[in-house]
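Biologist: I'd like to go through this model with you and hear what each label rests on. Shall we start with the ligand?

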Amino acid sequence: MSRPKNAMEIFKHLEKSNCRECGEKSCLAFAGAVFTGAKPIEACPRVDEATKALFNCGAGETGDNGDIFFSRLKEEMASCDFAEAAQRIGGRVSGDTLVLKVLGKDFGVSHDGHFHTDLHVNPYLGVPFLNHVLRGKGTQPKEEWISYRDIPGGREQYNLFHRRCEVNMKRLADSSAGLFDDLVHLFDAKAVAAQFQSDISVVLRFFPTVPMMVCYWDDQDGLDSSLNVFYDSTAIDNVDAESLFYLGVGFTYMLERLALRHG
Ligand code: SF4
C-alpha cells in the first residue's frame with residue numbers, strides 16, 4: 001500500500017465516469033473518501049488490479065494478499081467435514097454442499113470452494129463465511145450487545161469501522177426513510193424492542209449464530225441523529241474480529257449500492 005499525498009493522486013487512477021456504483025456521487029468524491037479512509041479503493045468495482053495494489057489496505061479485501069488469503073480458505077474446504085461443521089454452526093448438508101442461512105438466504109459452499117447462492121459473493125462476505133465454517137464454535141448468542149470497539153481485537157480497528165460502517169450507514173438512514181424497511185424485507189432483519197433508548201432497533205443474522213443489531217436515534221432537540229452497530233458478546237467465539245469488521249463494512253457497501261439503484 002502507498003499513502004497518497006492528496007485525493008487527486010487517487011482520482012487520476014479512476015475511470016471518471018461518475019457511475020456511482022461505489023456509493024459516492026462522483027469519482028472525485030470517491031477519491032476523497034479513499035483519501036480520508038472512509039472507503040477502501042476496492043469499493044470502486046472499476047479500478048484495475050494495479051490501482052488496487054497501489055492503494056489497498058490489506059488482508060481480506062481484494063488486493064493481492066486478500067486474494068491469496070481468500071483462495072487458501074477456499075482450498076481448505078476440500079478437507080472440511082461438512083457434516084461436523086453443519087452440526088457445529090447450525091447449517092445443513094445438501095449433496096456436496098454445506099448450506100447456511102446468510103441474511104435470510106441460502107448460502108452454500110462445496111468442497112471445491114465454489115459458492116452457491118443468490119447473494120453477491122465478495123471477500124467481505126466470503127472470507128468471514130469460510131472462517132466461520134472452519135473455526136466457528138457455534139456458541140449460541142446471549143443477546144448481550146456490545147460495540148465492535150469492545151470485541152477482543154476490535155479496539156485498534158474501531159475508528160476505521162466507525163467511519164466505514166456506522167457513519168456511512170447513518171448517512172443512508174438519514175437520507176432514506178425506507179432503509180430499515182429494506183433491512184427487514186430484503187435481508188430478513190427483525191425489528192426488536194428499542195435498545196439503548198434508540199428510536200429504531202433491528203437485528204439481522206449474517207450467520208445463524210452471528211447476529212448484528214443496528215440502532216438509530218432520530219435527530220431531536222438540536223442533536224444530530226446517530227447510528228450504532230452492535231454484535232452479540234459471543235460473536236468472537238463464532239468468527240474472528242477481522243471478519244466482524246468485514247461483515248459490517250461490506251454490508252454497508254451493499255446497502256449503499258442498493259440505495260443508489262433505487263434512487
Ligand atoms: S464506482 Fe465510483 S469511483 Fe468508480 S468509476 Fe464509478 S463513480 Fe467513479
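Predicted model: local features only at pLDDT ≥ 70, side-chain atom pairs only at ≥ 80, totals over all residues.

Biologist: How do the residues of the shell around the ligand divide into nonpolar, polar and charged?

Modeller: The shell has 6 nonpolar, 2 polar and 4 charged residues. Ala, Val, Leu, Ile, Met, Phe, Trp, Tyr, Cys and Pro count as nonpolar, Asp, Glu, Lys and Arg as charged, and the others, Gly among them, as polar. Residues are numbered from 1 along each chain as its sequence is written, and side-chain values use heavy atoms, with hydrogens and water left out.

Biologist: Which residues surround the ligand?

Modeller: Glu15, Ser17, Asn18, Cys19, Arg20, Glu21, Cys22, Cys27, Phe30, Cys44, Pro45 and Arg46.

Biologist: Why is Cys22 called buried?

Modeller: Cys22 has 10% relative accessibility, so it counts as buried (under 20% relative accessible area; exposed is over 50%, partly exposed in between, with a 1.4 Å probe and protein chains only).

Biologist: How many disulfides does a search of the whole structure find?

Modeller: The search finds 0. A disulfide here is a pair of cysteine sulfur atoms within 2.5 Å. Take Cys165: the nearest cysteine sulfur, that of Cys215, is 12 Å away, and Cys165 is in no disulfide. Cys165 is also buried, because its relative accessible area is 0%.

Biologist: What makes Leu103 and its phi worth a look?

Modeller: Phi of Leu103 is near 50°, a positive value in a residue other than glycine. Leu103 is in the loop between β2 (97–102) and β3 (105–110); helices (H or I, at least four residues) and strands (E, at least two) are DSSP runs, numbered from the N terminus. With a relative accessible area of 1%, Leu103 is therefore buried.

Biologist: Is Glu143 buried or exposed?

Modeller: Exposed, because its relative accessibility is 61%. Glu143 is in the loop between α6 and β5, and its phi is near 60°, again a positive value in a residue other than glycine.

Biologist: Why is Gly138 called buried?

Modeller: Its relative accessible area is 15%, so the label buried applies. Gly138 is found in the loop between α6 (123–135) and β5 (145–147). Leaving aside residues up to four places away in sequence, Gly138 touches Arg88, Ile89, Thr209 and Asn238, where contact means heavy atoms within 4.5 Å. Gly138 and Ile89 are 49 residues apart in sequence, yet 4.4 Å apart in space, C-alpha to C-alpha.

Biologist: What makes Asp81 partly exposed?

Modeller: Asp81 has a relative accessible area of 45%, so it is partly exposed. Its place is in the loop between α4 (64–76) and α5 (82–89).

Biologist: How do you know that Ala193 counts as exposed?

Modeller: Ala193 has 59% relative accessibility, so exposed is the label. It lies in the loop between β6 (190–191) and β7 (200–207). The C-alpha atoms of Ala193 and Phe69 are separated by 39 Å, at 124 residues apart along the chain.

Notes: Near = heavy atom within 4 Å.
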